[in-house]
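This briefing is intended for reading alongside the sequence and the three-dimensional view.

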Amino acid sequence: MTSASCGILTVSDSCFSKEKEDVAGKELEKAVTEAFPDYRIVFKAIVPDDRQEIINMLNKWVSEQCNLVVTTGGTGFSPRDVTPEATRSVIEREAPGIAYAMISKSLQVTPMAMLSRAVCGIKDKSIIINLPGSTKGALECFSFIRGCIPHAIALVTDNKSAVMKDHKAVQKQEQFEPSKVATDNVAERPRESAYAMFEVDEAVDLMLEQGSIPASTEQVPIEKALHRVLAEDVLSLDDIPPFDASIKDGYAVRAADGDGPRKIRSILAAGDAPTSMPLQKGEAVRLGTGAPIPAGADAVVQVEDTKVLVQEGGEEIEININKAPVKGQDIRRIGCDVAKNTVVLLRGERLKSAHIGVLAAVGKSTVTVYKAPSVGIITTGNELKEHYEELKPGQIRDSNRLTLINLLKEYHYLCNDYGIVRDEPNSIKRTIATVLTGNDILITTGGVSMGEFDFIKRVLIEDFKATIHFGRVNMKPGKPTTFATLIFNGAKKLVFGLPGNPVSASVTCLLFVIPMLRCLEHASVWQFPTIPHVVTTSKQNSDPRPEYVRVIVSYHDGKIVAKPNGGQISSRLNSLVGANGLMLLPKSMTPSKEYLSKIILISDLQT
Ligand SMILES: Nc1nc2c(c(=O)[nH]1)N[C@H]1C(S)=C(S)[C@@H](COP(=O)(O)OP(=O)(O)OC[C@H]3O[C@@H](n4cnc5c(N)ncnc54)[C@H](O)[C@@H]3O)O[C@H]1N2
Ligand code: MOO
Ligand SMILES: [Mg+2]
């Protein structure tokens, strides 16, 4: 993606007068940065719903060659909504297709979309796009049209090489070779799975052996480094503390002077430069915690162990040291927390708040971190509809996509969403190719079991020459979990074919996808913490698979307690709502017998 400059203009009387916070503007900024990491947001402003003010700002940004201007607000029917009129005065050529795309997609969400009057158009090398004022509406509309933006910018800026690249990609898509997967001989389908059954640990090992996508790194300011994985060993650029410092509020003294009276020579607060004139016999310097120790002093006596002997106008002139001090008492020596040039953080550590604090303390303003692999997701199934769409008989709402995207987000991974794909080999092939063009990793859900409409494995093998490393795992839920690798446009790609059942998809994402992403990101910790746990069962399990029971784990009276979170059928996603652990029940348990097993902690222990 080539770089471009962007501006975000919030049009709102109430945001302009600071009566309301500009949430839409801020969220749009995030969405643009996330969608186009190479673009620079160079302009941001809030103007009132005033036609001339909008025109002035748009003209100013256009004259400064801002490639993409998105406005939010003022596109509706109320008397002060004038953003479309102002935009129309500025643009030279209208781009009605963008506005149309937003309205037609938005109508699937709400009939109110027909009240949008958004205008989109071009002036010079700038594209101006009006978005609604509501945060949800603005983000939704942006998501509907963001795909066309890079090509539109390449065209208006006359970037011939980018335009050619885009055209080639489109032509390639148009020269689509149909899937090789045959659908006409259902009677001949295998009656037994062609895939060997692996135990979970074996499958994890097979998967990790394939974890060799080249990892790239980037420099980020430490303010933006939270949750990233360090790609360098960090050396302290300074001693901490950088000078001998007091641990207490009190007096710097010479220990050899013992107890008894001291004349106050001067005062040192935290932040004052250390004095160079050595402290003389019988003298003390009054100081605060963190203040530098004056020359000649070798101990600090806390204020609680002293008494005032002489004072003048509220000033301490002479004090008494009640107890003889010990040399070095209450002094933090230079470099005692961290010595200069020593390693303070190790490559592979995931940065949390304390890491960022250490980076700040040792004088690092940027760090090198690993880039996480890029992930794209599709869900498959003819029965699936978007959660906001109306259902016809036989249809269900797609819950897997949003669950998995957000599950990955909980573990700090972003995931590009490629929508729902029908159970049809050509559609699956085409969408997989699109995902693999822009991502290192593909996650699919559904279509991996024994059904005649379960095409994922076959498309991967027949159309992409994938190697299936495992296509069945001995676990409940998650039996048909599939992991494959393939070469696409010369690059190695990883594919996780997760089962369609909602719990199975989430549990296998936790047990396979997240550990693999952590390894690919070079994180030193990739496994979830486990707690050894004794388990029993009251009834003979008819299913011989080891089971990952979704549990609420807590700590009561010195014991770990794991409570199954309701019904455990693979379709009941509520078993994961509030669950913080997966309790492993070994296969073929005899009722009432105790087994030493484990709980995998997927979030914090509840106490
Ligand atoms: N003959 C056999 N049938 C099945 C076997 C088997 O070994 N032999 N395995 C069962 C197991 S275990 C699982 S798990 C499921 C997995 O099936 P698929 O991965 O092929 O998934 P689908 O058939 O497409 O869907 C299964 C189920 O999940 C619902 N689903 C799918 N996608 C979504 C979504 N995005 N959001 C919400 N719900 C979704 C779908 O409607 C089905 O009810 O296969 C068993 N069958
Ligand atoms: O293994 Mo499936 O995931 O039982 O539901
Ligand atoms: Mg199926």
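Domain bounds, as used here, come from an automatic or database domain assignment. On that basis, the C-alpha centres of domain 1 and domain 2 are 35 Å apart. The model is a predicted one, and the points below are grouped by topic.

**Domain layout**

- The chain is divided into five parts: domain 1 (5–166), domain 2 (193–215 + 372–520), domain 3 (226–239 + 337–370), domain 4 (245–332) and domain 5 (530–601).

**Open sheet of six strands**

- An open sheet is built from six strands in the order β2-β1-β3-β6-β5-β4, with mixed pairing. Its edges are β2 (40–47) and β4 (93–94), each of which pairs on one side only.
- Strand β1 (residues 5–11) runs parallel to β2, and seven bridges join the two. Within this pairing, C6 of β1 has I41 in β2 as its bridge partner.
- In general terms, the strands of a sheet pair through backbone hydrogen bonds, in either a parallel or an antiparallel sense.

**Pairings of strand β15**

- Strand β15 (residues 315–321) pairs with strand β11 (residues 260–268) in the antiparallel sense, over four bridges. K263 has E318 in β15 as its bridge partner.
- Strand β15 is also joined by six bridges to strand β14 (residues 306–312), again antiparallel. In that pairing, T306 stands opposite I321 in β15.
- Strands β14 and β15 form a hairpin with two residues between them. G313, in the turn, has a positive phi of about 55°.

- S106 lies in helix α5 (residues 96–107). S106 has a relative accessible area of 9%, so it counts as buried under the 20% limit.
- Leaving out residues up to four places away in sequence, S106 touches A113, C141 and F144.
- V549 is located in strand β28 (residues 547–556). Its relative accessible area is 5%, and V549 is therefore classed as buried.
- Beyond its neighbours within four places in sequence, V549 is in contact with P564, Q568, G581, L582, M583 and L585.
- V549 and Y388 are 161 residues apart along the chain, and their C-alpha atoms are separated by 31 Å.

**Surroundings of ligand 1**

- Ligand 1 is surrounded by 23 residues, of which the closest are E383, D398, S449, K479 and G500.
- A nitrogen atom of ligand 1 lies 3.4 Å from an N or O atom in the side chain of N400.
- Backbone atoms also take part: an oxygen atom of ligand 1 is 2.9 Å from a polar backbone atom of G500, and an oxygen atom of ligand 1 is 3.3 Å from a polar backbone atom of N501.

**Surroundings of ligand 2**

- The residues around ligand 2 are P477, G478, K479, N501, S504, R545 and S570. By class, this shell has one nonpolar, four polar and two charged residues.
- The side chain of S570 places an N or O atom 2.5 Å from an oxygen atom of ligand 2.
- R545 has a polar side-chain atom 2.8 Å from an oxygen atom of ligand 2.
- For N501, an N or O atom of the side chain is 3.1 Å from an oxygen atom of ligand 2, while a polar backbone atom of N501 is 3.3 Å from an oxygen atom of ligand 1.

Technical notes:
Residues numbered from 1 in each chain as written. Chains lettered and ligands numbered in written order. Predicted model: local features only at pLDDT ≥ 70, side-chain atom pairs only at ≥ 80, totals over all residues. Heavy atoms only, no water. Pairing = 2+ DSSP bridges. Buried < 20%, exposed > 50% of the residue type's maximum accessible area, 1.4 Å probe, protein only. Contact = heavy atoms within 4.5 Å. Near = heavy atom within 4 Å. Polar contact = N/O pair within 3.5 Å; in protein donor to acceptor, adjacent residues only side chain to side chain. Nonpolar A, V, L, I, M, F, W, Y, C, P; charged D, E, K, R; others polar.
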